[in-house]
Structures are given as structure tokens and as C-alpha cells.
Amino acid sequence: MKFFLDTANLEELKKGAAWGVVDGVTTNPSLLAKEGVTPHEQIHRITEIVDGPISAEVVATDFEGMLREGRENAAIHRNIVVKCPLTRAGIQACSKLSQEGIRVNVTLCFSPGQAILAAKAGAWCVSPFIGRLDDLGLEGIQVIRDICRIYANYGFKTQVLAASLRSPLHVVQAAEAGAHIGTMPFKVLDQLFNHPLTDKGLDQFLKDYSKAFQEAPAGR
Ligand code: E4P
């Protein structure tokens, strides 16, 4: 499973990238709006930090506008994946951009039926939003399971990018369901490291070592 960071914040991206476990980035208009730099410039800066697929979303809602913005975004850097919403115009734009060789992430997917549309339009990946379905009292992860099964049934090449992951449990459940990619906020990536037995075990190892050799290990 590939790990993407769901953020447009450069400090978070630098920290995550330094751990060597970040394969790509997803942004959205809300995340970019928090950063106080023009979206184009911020996306460009992100390409200098993470060498992997970076999703940049169109904000036009009509087909022609999406095509124009999609082509502009794709021209920023070879790693850009154009994000289009799962609307009629978005699916049409996905189909056209994909035919032009531009990778498209179809976002705001909430059902298996919508995911089939994205695959048929040639999307590079589809982004079902787990947390937002959970917010409605539904079981978001079930949508990931259903989409993975349907895509496997037909050999669709579109990757399933589990989005709106709000906890380490969401990440694990998405991996169990077979999602190709999970995108998560920096906080969730950070939380994945945590286990009290790791801390306790390390503490004991270091105490035992120090006691036996009467000195602290190098660098501590
Ligand atoms: C994915 O590409 C979206 O940016 C993101 O996962 C949405 O997450 P949220 O529902 O927590 O805002």
C-alpha cells in the first residue's frame, strides 16, 4: 500500500518525507486555502519536497474549464496528477485528460457505482472518502472493500486511493480491504508509529544495556 500525505503544508511534508515512507501527496482546494500562497506556487513547492504523484485539484465546474485547468496543473511538473470531482463534467474531463496521457484522480467518490464511472473514464485513481461516510453514520470502509472487489472482477487498472482517513485504524482497514493507496493527514501518519510496548521495550533495553556496561550507549 502506498502512503500519501493529505496536506499542502510544507513543514508537514518535509517531516513526513524525511521518514522515507511517503510515496505521494494529495491536496484539495480547502487544504491549499490554508497555506496563504497561490495554489500554483504551493504545488510547485510541494514538487520540490516529494518525488511522487501529487494531486492538484481543478476548481472549475464545467467541462471546458476543467480541461483548461487540468492541462495547466499537469504542466507544473511531471508528477502532477489532476484531480477532478465525481460530477458529470468531472468524469467527462477525466476521460478526455486521460486520453491525452494526463493522470487523473477522481475525487469526492462516495459509492461503488461512482467508482465504476471513474474506472470507465480511465482514471489513474479514484478517491473514496471514508471519514465523511462515517460522519453520516455509514461504514465508509465497506465502500473501499466493494470497489476493490469490483475493480478486481473486471481487471480495471484504476487504483483505489482511500481518502478521508482519520485514524490509524482507518489506514489498517483500508490496507486490509486492498486499497492501493491511503492518503492521510500528517497527524495520522505520526500516530501510526505509536505503541506503548515499543516505548516500554526500548526503555528496558537501554536500562539493561546501561546497567551492564556502566555507560550510556553512544549518542544518548
Ligand atoms: C483527499 O484527497 C481529500 O483531500 C481528503 O482525504 C479529505 O479528507 P477529509 O474528509 O478529512 O477532509
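User: Which pocket is the space taken by the ligand?
Analyst: This is a predicted model. The shell around the ligand includes Asp6, Asn28, Phe129 and Arg132. Among the residues closest to the centre of the largest pocket are Asp6, Asn28, Phe129 and Arg132. The space taken by the ligand is the largest pocket.

User: What share of the ligand's accessible area does the protein cover?
Analyst: A polar side-chain atom of Arg132 sits 2.6 Å from a ligand oxygen. A polar backbone atom of Ser164 is 2.7 Å from an oxygen of the ligand. On its own, the ligand has 340 Å² of accessible area, and the protein covers 86%.

User: How many residues of the shell around the ligand are charged?
Analyst: The ligand is surrounded by Asp6, Thr26, Asn28, Lys83, Phe129, Arg132, Ala163, Ser164 and Arg166. Two residues of this shell are nonpolar and three are polar. The charged ones number four.

User: Which element gives the largest share of the lining of the largest pocket?
Analyst: The largest pocket has a volume of about 420 Å³. Its lining holds 24 residues. Helix 2 (29-33), strand 5 (104-109) and strand 8 (181-184) each give two or more residues to this lining. The largest share, three residues, comes from helix 2.

User: How many residues in the lining of the second largest pocket are nonpolar?
Analyst: About 220 Å³ of space lies in the second largest pocket. Its lining includes Pro29, Leu32, His40 and Glu57. By class, two lining residues are polar and three are charged. The nonpolar residues number seven.

Methods
Residues numbered from 1 in each chain as written. Predicted model: local features only at pLDDT ≥ 70, side-chain atom pairs only at ≥ 80, totals over all residues. Heavy atoms only, no water. Near = heavy atom within 4 Å. Polar contact = N/O pair within 3.5 Å; in protein donor to acceptor, adjacent residues only side chain to side chain. Areas by Shrake-Rupley, 256 points an atom, 1.4 Å probe, with all protein chains shown as cover. 1 Å grid on protein atoms, 1.4 Å probe; cavity = no way out; pocket = protein on both sides within 12 Å on 5 of 7 lines; lining within 4 Å. Sits in = over half its atoms within 2 Å of the grid points. Nonpolar A, V, L, I, M, F, W, Y, C, P; charged D, E, K, R; others polar. Points joined across faces, edges and corners; volume = space filled by probe spheres on them. Helix = DSSP H or I, 4+ residues; strand = E, 2+ residues; numbered from the N terminus.
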